[in-house]
Amino acid sequence: MIKEALEYIVNLSAPHLEFRNGSHYADRTLHRIPNELTASPLAVHTLSAVRDYIESGADECAEDEDSIGRRFVIHVADYDRVYLYRELNSDKARECLLEAELSAPTFPFGRWLGVEEFIINMQTYFVPTEVRDTLVQLISTVTTENGVSLADDGMTQRVTARSGISLVKQVSVPNPVVLAPYRTFTEVEQPKSPFVFRIRQTGDEVQAALFAADADAWKREAIANIRDWFEQHIPQELREDVIILA
């Protein structure tokens, strides 16, 4: 208690500065007061919000002439994060104006799901394509009531679905399957990726799963798609005032 009180009293006094061997020293931590004030960034969730901010000239009434003269910098940090800055100010600091971060659920890759849950997730979290529809149609025919047998050679699975006693349908499950999940901002084209599709029977339940098979190469494609979107949707008359980093 006494120690804390003494430290508090000492901190009330002005810092002691000394110049030795060509360097300045202080007996406490000093915090530099910036020459220019900066605003807190706004949180948004779409690329359109970033473009609209630039186009509208929002907040220019509160900026000085030097600040308005600095170009915008759009930093595509990742497939789900984009930041809008101004160029360096006199304090060598970049003012962050907007933070666009993707906020959306995704497909649970690498997890075994029951047939019903798998179908719902496929129809919810993937761009409609012929491959997706074929996969949904296949898994929807495989139920515990029909009876299932699986043949697996490591590359493809062969599923035999029995319906009653009159029909036996045998279908090869292709691997990998190329699908386009919703994983980046919806304004851009969703990257397609190969996935390993697997089916198994656990007790009386049939389960299915998708496993990623592209070592996250889709992320680089998504970043490039976001860059291309800004290049196409920022008006030409404003392009000289905008730098895009991706």
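**Overview**

The model is predicted: local features need pLDDT of at least 70, side-chain atom pairs count only at pLDDT 80 or more, and totals for chains, interfaces and linings use all residues. Residues are numbered from 1 along each chain as its sequence is written, and side-chain values use heavy atoms, with hydrogens and water left out.

The protein chain holds 6 helices and 14 strands. These are DSSP runs numbered from the N terminus: helices are H or I with at least four residues, strands are E with at least two. Of the 246 residues, 35% are buried (under 20% relative accessible area, 1.4 Å probe, protein chains only; exposed is over 50%, partly exposed in between). The chain exposes about 15,300 Å², an accessible area from the Shrake-Rupley method with a 1.4 Å probe. Carbon and sulfur atoms supply 51% of that area.

**Confidence**

pLDDT is the predictor's confidence in each residue, from 0 to 100. The protein chain averages 83, and 80% of the residues score at least 70.

| Stretch | pLDDT | Contacts in the model |
|---|---|---|
| Residues 150-156 | under 50 | 13, beyond four places in sequence |
| Residues 163-168 | below 50 | 6, beyond near neighbours in sequence |

Five strands form an open sheet in the order 3-6-5-4-14, with mixed pairing. Two strands pair if DSSP finds at least two bridges between them. Strand 3 (42-44) and strand 14 (242-245) stand at the edges with a single partner strand each, so one side of each has no neighbour in the sheet. From one strand to the next, the twist averages 15°.

Strand 3 and strand 6 (residues 96-101) run parallel, joined by 3 bridges. Here alanine 43 stands opposite glutamate 99.

Helix 2 (residues 47-56) packs on this sheet and touches strands 3, 4, 5, 6 and 14. Its direction makes about 160° with that of strand 6. Helix 6 (residues 217-233) lies across strands 4, 5 and 14, at about 155° to strand 4. Axes are lines fitted to C-alpha atoms, for helices over the stretch in contact, and angles run from 0 to 180 degrees between N-to-C directions.

**Helix 4**

Which residues of helix 4 (residues 115-125) are buried? They are Val115, Phe118, Ile119, Asn121, Met122 and Tyr125. These residues cover an arc of only 165° around the axis, which puts them on the same side of helix 4. The arc is that of the directions from the helix axis to the C-beta atoms. Their packing partners are strands 7, 11, 12 and 13 and helix 5.

Terms used: Contact means heavy atoms within 4.5 Å.
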